[in-house]
Amino acid sequence: MRVLTVNPGSSSLKLSLVDPDGTVIAEESGAGHEMAPLVADMPQPDAIGVRFVHGGTEFTGPVVIDDGVVERLHALADLAPLHQPASLHALSEIRAALPGVPAVACFDTSFHATLPDAAATYALPARWREQFGLRRYGFHGLSFSYAVRRAGEMLGSDPAGFRMVICHLGSGASLAAVADGVSVDTTMGFTPLEGLVMASRAGSVDPGIPLWLIKHGLSAAEVNEGLERDSGLRGLTGTGDMREIRSRAASYDVAALAALDVYHHRLRGCAAAMVASLGGLDVLVFTGGVGEHDPSVRMRLAGDLEFLGVGIDHELNEGAEGDADVTAGDARVRSLVVAAREDLEIAAGVLQVLG
């Protein structure tokens, strides 16, 4: 069964046509979410897999899409306002472009359905939690799920035998603590705003700050826009592009240097918290655009976690391309770079329900 995977970002679209053995036959990408031009020259797929950021508590695994599913996905849109509407639009476009081809929704939140109650529960009034479904969902699950499987292959062992912290570092960023192959803790929560400093998202802030801003004249929409699009690295430097910040820091730009300190302070603390959730660490995995392509981020975090047995080889780290083992020879913890392949994880999800 050939699967066309549809991976919408907030302003971009990636398509991959994947054979059952995981071979990518064709790839397309573009700005916006106009589907017809991208699929026009691709071979006809047997099935479609669409990435959705949020599945709520209902969707804890891949699901065949029908009108009822679409309606329930619309109801979750305000929990992931940068991505869920884009996925719904992409779904509408691909169904129009390929009528009659079965489609499956695959969810980033599914991987974290295994979170224990202690990690998933907010200490909020029970009536709020019950009425509004307030809990920690976690995100980037398709990336985490693939990274777990690929790390096991690279280590030549069942990933269930390792305590892993996986760092998905990109424009959006989060960490996952994985024990026995399943998620037991993560840094994102009810929405993708919680946790690490990201390109344009603030990450965790004192919840009193948004309330204070609203009390002093900002609208809820303005606060949401600021937290989602104007905070994080962009709020600290004017840009969310880590490459530009790195270049400016090399020229001793004060704002860029300070932003990197803030970024790494939060990353170090959250990574150590994930290790605490696991009771130790065997494998540290880097994935995502920054995790894969910025050796300085990897090296600095390794230095921060040296007391836990992490060590990265300088030459291996600088030369890493694609999947790579960058562990220093005397380190107790294995450090891996895994190229993010959400398309392969989406295709696997489609085969799980249709294969």
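**Salt bridges, sheet and surface of a predicted model**

A search of the whole structure finds 19 salt bridges, a salt bridge being a side-chain nitrogen of Lys or Arg within 4 Å of a carboxyl oxygen of Asp or Glu. This is a predicted model, in which local features need pLDDT of at least 70 and side-chain atom pairs count only at pLDDT 80 or more, while totals for chains, interfaces and linings use all residues. Residues are numbered from 1 along each chain as its sequence is written, and side-chain values use heavy atoms, with hydrogens and water left out.

Me: Which residue forms a salt bridge with Arg163?
Reply: Arg163 lies in strand S7 (residues 163–169), and its partner is in the loop between helix H11 (254–278) and strand S10 (283–287), so the pair ties together parts that are 119 residues apart in sequence. Helices (H or I, at least four residues) and strands (E, at least two) are DSSP runs, numbered from the N terminus. The closest N and O atoms are 3.1 Å apart, and the partner is Asp282.

Me: Against which helix do the buried residues of H8 pack?
Reply: In H8, the buried residues are Val223, Gly226, Leu227 and Glu228. These buried residues pack against helix H7 (208–215).

Me: In S3, which residue is the bridge partner of Leu15?
Reply: The open sheet has 6 strands in the order S3-S2-S1-S4-S6-S5, with mixed pairing; two strands pair if DSSP finds at least two bridges between them. Strand S2 (residues 12–18) and S3 run antiparallel and are joined by 7 bridges. In S3, the bridge partner of Leu15 is Glu28.

Me: What accessible area do Leu124, Trp128 and Phe132 have together?
Reply: Leu124 lies in the loop between helix H4 (117–120) and helix H5 (126–132). The three residues form a nonpolar patch on the surface; patches are made of residues with over 30% relative accessible area and no salt bridge, like charges being joined within 9 Å and nonpolar side chains (Val, Leu, Ile, Met, Phe, Trp, Tyr) within 5 Å. Accessible areas come from the Shrake-Rupley method with a 1.4 Å probe, and for residues only the protein chains shown count as cover. Together, Leu124, Trp128 and Phe132 have about 300 Å².

Terms used: Buried < 20%, exposed > 50% of the residue type's maximum accessible area, 1.4 Å probe, protein only. Contact = heavy atoms within 4.5 Å.
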